[in-house]
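Please look at the aromatic side chains and one annotated span. The report below takes them in that order.

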Amino acid sequence: MRKGAESSRGLFWTVTVLCLASDWMQVGEAIWLNLPGASRTKCVSEEIQNNVVVLGDYVVISEDHSHTLPTLTVKVTSPYGNNIHHQENVTHGQFAFTTHEAGNYLACFTVDGHYQGSGDVSVNLDWKTGIAAKDWDSVARKEKIDGVELELKRLEGAVEAIHENLLYLKSREAEMRTVSETTNARVAWFSILSLGICIAVSVTQLWYLKRYFLKKKLI
């Protein structure tokens with residue numbers, strides 16, 4: 001009976017991991033940004049850990065068909081402000097990089113000032129990270145695999161990505177816990193210092209008042 005329960009539990013966890021892996025392989029999203037007029041900027045950001053592949057494709061779609069297609073200035077920066085991608089006067093493009101810093105990566109889109117249209121400017125951004133950014137067709141050709149074997153390869157990569165992300169979250173949790181403990185210790189010492197100052201001021205006031213009353217022979 002116990003052996004059957006353990007087998008069922010193992011099957012449950014296997015199915016759970018596979019479901020998570022399937023969802024993880026789809027970590028890529030199409031984002032629509034509406035920029036109302038010239039010189040307007042909108043940005044998107046995502047927190048990404050170190051050593052992750054990021055791919056982005058963007059294209060301009062204008063609702064005002066009476067004018068030429070507006071152009072953009074596109075800038076992608078790292079958490080420390082380093083320029084990763086910078087293009088001006090473009091209507092479409094793409095960027096690809098591997099992260100070397102953990103944190104929020106920012107992509108900003110600005111409509112160039114010479115745009116004279118009245119309608120909104122829409123930007124379609126296809127943002128992919130991690131396992132979703134991998135070229136599986138090239139992997140299949142290189143390793144000469146297809147079908148179920150290719151799907152298992154993708155699942156294996158997704159499971160590895162999930163494991164790396166869990167380790168990253170664990171390290172972030174440890175960092176946050178350290179910061180929290182340090183802050184609590186500083187607050188405790190500040191409270192003790194404040195209490196000490198209050199006691200010292202009170203004792204000084206009592207001493208001064210007693211001395212004053214004795215000098216005036218009021219007590």
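Phe 95 is buried, with a relative accessible area of 4%. Buried means under 20% relative accessible area, exposed over 50%, and partly exposed in between (1.4 Å probe, protein chains only). This is a predicted model: local features need pLDDT of at least 70, side-chain atom pairs count only at pLDDT 80 or more, and totals for chains, interfaces and linings use all residues. Residues are numbered from 1 along each chain as its sequence is written, and side-chain values use heavy atoms, with hydrogens and water left out.

**Aromatic pairs**

The structure holds six aromatic pairs. Rings of Phe, Tyr and Trp (its six-membered ring) pair if their centres lie within 6.5 Å; planes under 30 degrees apart count as stacked, over 60 as edge-to-face and the rest as tilted. Two of the pairs involve Phe 95:

| Pair | Centres apart | Planes | Class |
|---|---|---|---|
| Phe 95 and Phe 97 | 6.2 Å | 25° | stacked |
| Phe 95 and Trp 127 | 5.8 Å | 70° | edge-to-face |

Strands (E, at least two residues) and helices (H or I, at least four) are DSSP runs, numbered from the N terminus.

Tyr 58, Phe 95, Phe 97, Tyr 105, Phe 109 and Trp 127 form one aromatic cluster.

**Annotated span**

An unreviewed UniProt entry annotates residues 187-209 as "transmembrane region". UniProt positions follow the numbering used here, feature names are shortened, and annotations may be inferred rather than shown by experiment. In the model, residues 187-209 are 100% helix and 0% strand, with end C-alpha atoms 33 Å apart.
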